[in-house]
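Please look at the sequence and the structure below before reading on.

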Amino acid sequence: MAILGQIRSRPWLLMGVIALALLAFLVNPDSIDKVFGKNPDVLGKVNGEKITREEFSDQLFVLQQQAEQQGQPKNGLEEQAWQLLVQSKLIKQQFEKLGFEMTEDYFWNQLQYDQMFAQNQQFFDEKGNFKTQELKKQIEDMKNMSPEGYNQWLKTRKSIEYRLMARQVFANISAGITTGKKEAEELMKQRDQLADIDFVKVDYAAYLQKTKINVSTEDLANYIKQHPVMFKAEPSRNIGVVYFPSQPSTADDAAVQKEMTKLFSVGTDASGGTENFQNTKNDSMFVMANSDMPFNDQYVAANQLPQALQGQIATAAIGQTFGPYKEQNVYVASKLLDKKASDSTSSSHILIAYKGAERSTATRTKEEAKALADKIMAEVKADPAKFKANLAQSDEPGAAERGGSVGWTTPSSPFAPGYLSFLASHKKGDIGLAETSFGYHIISVDDKKSGAMGYKVAHLVKSVKPSDATEAETDKKARRFIQQVQGKSFNDFVNIAKKGNYQFSNPKQAKRFDGQLQGLGTDKDGDILAWAFDKKREKGDTEFFTVDGTGDKIVVYLNGKQEKGLADPEAVRDQIEVIVKNKLAAKQIAEKIGKAGNLDQIAKQFGTTKQSAQVNLLSPSVAGAMEPKVAGAAFGVAKGKVSNPIEGGTGVYVLVKKNETVNKQPGDLKQFTESITQRNGGMFGQAWMKSLQDNADIEDYRIEIWNKVGAQQ
């Protein structure tokens, strides 16, 4: 079952098509039925083909699994899930247009070429043949013995099918990418041609230092209209955000420090001032009664202790105390209770869980789990090599990817007691069965070695938190601010925030399902997005939010609403203002140059100098700047004639061509043709996918559905 294990442990390989409707988490399906009637499960369409809630739910689930295994946040993945689904639908449609069909035979014949299998030799025999029948048998066994594992395979298979379709489509279309002889000859000629030029460059940055140009909203809009494909926009919102963190004050810090000193060396109120951390006879009870963190009786290595202790702990005596000292936002006092060397064990395991076991999602009964564990144990005992093959049946996420390894542990590691007991009583090379609260473990003792010194340390911890008075002051400050900005312009909102030295951010293109707001990142981000996309919301609206658990306050201002269509000019100002300003500068510069007689006059007029360069059409570098328009003009102007002003990327150029030369480079026509074809093929895939998406009829009902459901609640 190792092959299936590989699949189950790599959800991020699933390219495109598995799903959650945001609604699965947000609303009761029954309430949707009442709103939408017969078909509430369609979240959108791609060229008429439906995207269902189930598909979206599966895709989002896979992305969340990936994020969890990589230690990344699980929220904010809805938009990524949607985009993957859209692309998968487009690929499927192209696959079918080419006359292909995803049959059983096609799937199994092409499976060996999928990225999940192609580079892993475990899926091939010694002759290089793909182990198709073995994989089929493992899937059939999983269907009978592990329903949840089989369900994961079905989702995985769907994603593999889309990848196989993509591979076929790209292969067929890429085969049509060729380079004709005439085209190759012309490109070779351009590659070898050089033009020697004198030129004057009026640099945009230098010109704009002396000449002020303001870019209006109309200027931005005109540029967007000239490039409509570049600025196709999905619904988004421009939101002003001011964040008021509820942080401990200096007085709050001093109060905690005073309390910690009292607990450390004076005495608790409960003991009448006689018992403190230094003299207590029951360290665990003292910590449990007085610390913000529970007592931990595990032995840990020195490098796992707070930084303040690491250099002292090795020579410390039992009972020695340290502190109080501050670690980030907590005060800590520590006491060494014991120290001892402990052996370390490296082990691997196959976990067979059951319904009701700790952290289990399995549906099998405990009796079924025991029977399966005994079966695997018998196989592994007869042939230890079968341990790896059976990892696919492990219910631990990512087990197959790690070979079932749990790494090195010691008797004090935070593991289930039954697991640690097995390791303590078995030697290197032993394989056996153990039961814990998580289920049944087939355990392999991979290695043992003498461990480093372990230390048992009691920590008395007091967190520095904002007091009620501090939180009240934060709340007062935030409410005063929202009162000041209500009914005011966005500029007023920004200026008042800056004047108060508040934390301001401005996500200008926040999408409904982004999950997080750029520059914020709190548990309230989703609520803010829902507020901003409410149909009743108008530009200039403000709202007040409180972050649960922290007491932080957020004031938001709706500065703009972008519906589907061309981008709002102000929403993309940061992206295009420099480009538009340069174009306005270029127009002014060209008008001032007019019909200048020679380069020296132009250089004098703009306070710059005449330069020389050698340019080439295929590598159009001019004095360190890539300027294809300038290179084109150099070969288009007559020798000795002053060119018209050329609007370049970094400035306006005027040039005179002195001569043209040919620098024949090595390589024959065939080699050159092949290199051009290969280059074009490499550029094709991404551009083709973008073109498909730009020209597709994509309908997204998610916002509409959520707004309607929200109105019913």
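The C-alpha centres of domain 1 and domain 2 lie 43 Å apart. The structure is a predicted model, in which local features need pLDDT of at least 70 and side-chain atom pairs count only at pLDDT 80 or more, while totals for chains, interfaces and linings use all residues. Residues are numbered from 1 along each chain as its sequence is written, and side-chain values use heavy atoms, with hydrogens and water left out.

**Domains**

- The domain assignment divides the chain into domain 1 (191–232 + 574–662), domain 2 (235–247 + 467–563) and domain 3 (249–465); such bounds come from an automatic or database domain assignment.
- An unreviewed UniProt entry lists residues 342–447 and 569–659 under "domain: PpiC"; UniProt positions are given in the numbering used here, feature names are shortened, and annotations may be inferred rather than shown by experiment.
- Residues 342–447 are 27% helix and 27% strand, and the end C-alpha atoms of this span are 14 Å apart. Helices (H or I, at least four residues) and strands (E, at least two) are DSSP runs, numbered from the N terminus.
- Residues 569–659 are 42% helix and 23% strand, with end C-alpha atoms 45 Å apart.

**The largest pocket**

- Rolling a probe the size of a water molecule over the atoms shows where empty space is left.
- The largest pocket has a volume of about 1,200 Å³. A pocket is an open set of points on a 1 Å grid over the protein atoms alone, where a 1.4 Å probe fits, with protein on both sides within 12 Å along at least five of seven lines; lining residues have an atom within 4 Å of a point. Grid points are joined across faces, edges and corners, and a volume is the space filled by probe spheres set on the points.
- Its lining consists of 39 residues, and R359, T361, D395, E396 and P397 lie nearest the centre.
- At least two lining residues come from each of α1 (2–8), α4 (53–69), α8 (147–174) and β8 (344–352).
- The lining comprises 15 nonpolar, 14 polar and 10 charged residues. Here Ala, Val, Leu, Ile, Met, Phe, Trp, Tyr, Cys and Pro count as nonpolar, Asp, Glu, Lys and Arg as charged, and the others, Gly among them, as polar.

**The second largest pocket**

- The second largest pocket holds about 760 Å³ of space. It is lined by 32 residues, and Q83, K232, A233, E234 and K511 are the closest to its centre.
- This pocket lies between domain 1 and domain 2, because both give residues to its lining.
- The largest share of its lining, five residues, comes from α5.
- Its lining divides into 14 nonpolar, seven polar and 11 charged residues.

**Individual residues**

- S444 is in strand β11 (residues 439–449) and counts as buried because its relative accessibility is 10%. Buried means under 20% relative accessible area, exposed over 50%, and partly exposed in between (1.4 Å probe, protein chains only).
- The side chain of S444 makes a polar contact with the side chain of D446 at 2.9 Å. A polar contact is a pair of N or O atoms within 3.5 Å; within protein, one must be able to donate a hydrogen and the other to accept it, and residues adjacent in sequence count only if both atoms are side-chain atoms.
- Y354, in the loop between β8 and α15 (366–382), is buried, with a relative accessible area of 10%.
- E591 belongs to helix α21 (residues 573–593) and is exposed, with a relative accessible area of 56%.
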